[in-house]
Amino acid sequence: MPGLVAFGRRWAIASDDLVFPGAFELFFRIIWWIGIVVLYSIHKGHFDCTGGMLLQSYLIGLIGLVAAIICVISATVYVSMQGTISNSGPRKSIPKLVYIRLGLFLPEFVWATLGAIWVSDNSVLCDRTLVHVVLVTVIASWFIIIFTTIAIVIVFDPLGKKRVPYLSGNEHHDLESSQSRQMFYNVKKATTRVWENRLRLLCFCVGRDNDNRAAFSSIAELFSSYFSDTDLVPSDIAAGMALLHQEQDKVDLCREPEEVVCHSPTSTDRDLDVELETSAHYMKFAAAAYGWPLYVFSNPLTGLCKLSRDCCRSRAQAYDIVGGDILNCHFGAILQTTGLQYRDFIHISFHNKIYEIPFFVALDHKTEAILVAVRGTLSLEDVLTDLSADCENLHTEGVEGDCFGHKGIAQAASYVYRRLKNDGILNQAFAVAPEYKLVIVGHSLGAGAAAILSILLKSEFPTLRCYAFSPPGGLLSKELADYSKKFIVSIIVGKDLVPRLSMPNMEDLKTRILRMVANCNKPKYKILLRGCWYEVFGGTPDDFPTELDGRAQAALAQPLLAEQSLLTQRSPSYSTLVDTPPLNSPSQYPMLYLPGRIIHIVEERNSGRLCFSDVTYSAKWSKETAFSSIFISPKMITDHMPDAVLKALSSLSPEKANCISCQTP
């Protein structure tokens, strides 16, 4: 931080990012050089074969060339290890070393070509060992050349030329001038276009209809507004997250244990027992909506064998199945997971597009409910639906104030709503079981869609209940979130990332990462090494200093943000090493909240970080404010997985454990 400036442009790599790749190449080159020297010493004086003189010249030149490369790489690694993330002064010679190293690729390319010509010459009658060694050398040379070319493509920043003037120039910009505003507009426009092209490239298999194009544009604009005002390279973000994780763990370790108050079980405790038991039952249906991928993932040894009984059977005429379940493997997985019979299903849809997600409707005789289970994220189309994070109005009768929610999820819920109502699916279900109640469930994206769908259906079905497992954090406005507490229960496990994801939380995370990397006085390679060790093996959080260690503040007061000199108004995340905004500064994004009442399940005991460690859980009612910041943890992703949620709920179910209200703390 800032990104490396070379050849008149900024690159998506910093001057302290060359330690690890340089050390790897240095190790490889030293072994290579020693091998060539030993080979030349052994065969010295035995180059009198046909083509031997050319081989001798090739080996001597290669020894000198590799030695020069080793010297340049050693200097690059040493200089790259100096300074800190925010203080790049000791690394100011890195661009010159990069120029020298790239310049050595030309003779290396020539030598690799000569070696290839010599090896392919059938008239060469030298020792076959020499020929094979030269062949290996030629292959290694071409491998390094190709690998370096790929690395250059990866770290290429399409916006590099637009950023360089603002990173290197010291002149004062008049932020109010029309010229500055026009320049900033051009930069933002170019950034949006670059992100849109990236999305189209990554999602090339997704169609190009109007919904898709609108989603690409909306997501690109969101990404450009979030990333364009920072001058962080990916390794800076990784280092900042490693520091932040250890900082958060230190805070947890220093926190005093909560006082235990002995009291008789309350009605809230009993309500929690009931909801946990009900949630454990309904989570099976939310997990079943994922079909065969999750079933095989959860049952790696027996899943395929069990599904083989139900796959490849044609049931299209007997059951209302829509979409691409070609071999009926999805339906087979749903049957295995839920334990229902064929006749219990009213409608199953595997149709999947942006804003259109799969779901099924079934009869659950155990709880006497008509179940609508909405699938979570499982495809690129679902990811694009998740990322369409603009706000959309959700006018709800009987709710005063602002009613809006996550645009992509709201449109997915509207799609399911239209299918249920317009196609008469709910009418068909209630015709079969008129005395049953309506229950809507879902996990992740499906949980968000289920929550909004239940809001849309609540006025027509007063007894409706919704169970949202690991719902997205930025989902509903405050008024809608409060309204949904009457009929929605959200279940969240551990430090799950998704329920904490919202644009204000992401802005807060960006600000915290900026501060961590700016105030830490350790070099980046030490931070990453220590962070990797801590993530894998645990231990005591490292006590990295968080002050500037007496360094010259004035020299480090440059903006951390690439286009900040063009902004007419400060971004909420704008920060310098001297003037940093408060962490609770207002965000440009509206606050969105989790739906309904929230049950938070946390680990009580874990014998280690191994896969087979013994884990026990506890559950409690929680508030949405407990999820107002993102926690960095190795389990921030695994705690979100449907099998992890199902495991936690099953362990807390009264059928397998004592009731919560009867347990002694």
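**Contacts, cores and salt bridges**

Mentor: Not counting residues up to four places away in sequence, Ala12 touches Val155, Asp157, Val233 and Pro234, where contact means heavy atoms within 4.5 Å. This is a predicted model, in which local features need pLDDT of at least 70, side-chain atom pairs count only at pLDDT 80 or more, and totals for chains, interfaces and linings use all residues. Residues are numbered from 1 along each chain as its sequence is written, and side-chain values use heavy atoms, with hydrogens and water left out.

Trainee: Where is the place of Ala12?
Mentor: Ala12 belongs to strand S2, residues 9–14. Helices (H or I, at least four residues) and strands (E, at least two) are DSSP runs, numbered from the N terminus.

Trainee: Which residues of the largest nonpolar core touch the most other members?
Mentor: They are Val361, Val372, Leu420, Leu438 and Leu457, in a core of 44 residues. Such a core is a set of buried Ala, Val, Leu, Ile, Met, Phe, Trp, Tyr and Cys residues joined through side-chain atoms within 4.5 Å. Buried means under 20% relative accessible area, exposed over 50%, and partly exposed in between (1.4 Å probe, protein chains only).

Trainee: What gives the most to this core?
Mentor: Helix H17 does, with eight residues.

Trainee: And what is Leu438 in contact with?
Mentor: Leaving aside neighbours within four places in sequence, its contacts include Ile370, Val372, Leu426, Phe430 and Leu457.

Trainee: Turning to charges, how many salt bridges are there?
Mentor: The count comes to 22, a salt bridge being a side-chain nitrogen of Lys or Arg within 4 Å of a carboxyl oxygen of Asp or Glu. In one of them Glu275 pairs with Arg597, the closest N and O atoms being 3.5 Å apart.

Trainee: Why does that pair tie together parts that are apart in sequence?
Mentor: Because Glu275 lies in helix H10 (residues 267–288) and Arg597 in strand S12 (residues 597–606), the pair ties together parts that are 322 residues apart in sequence.

Trainee: Is Glu275 buried or exposed?
Mentor: Glu275 is buried, at 5% relative accessible area, whereas Arg597 is partly exposed at 28%.

Trainee: Where do Lys510 and Glu507 lie?
Mentor: Both are in helix H19 (residues 503–519), three residues apart, about one turn of the helix. Lys510 is buried at 5% relative accessibility, and Glu507 is buried at 4%.
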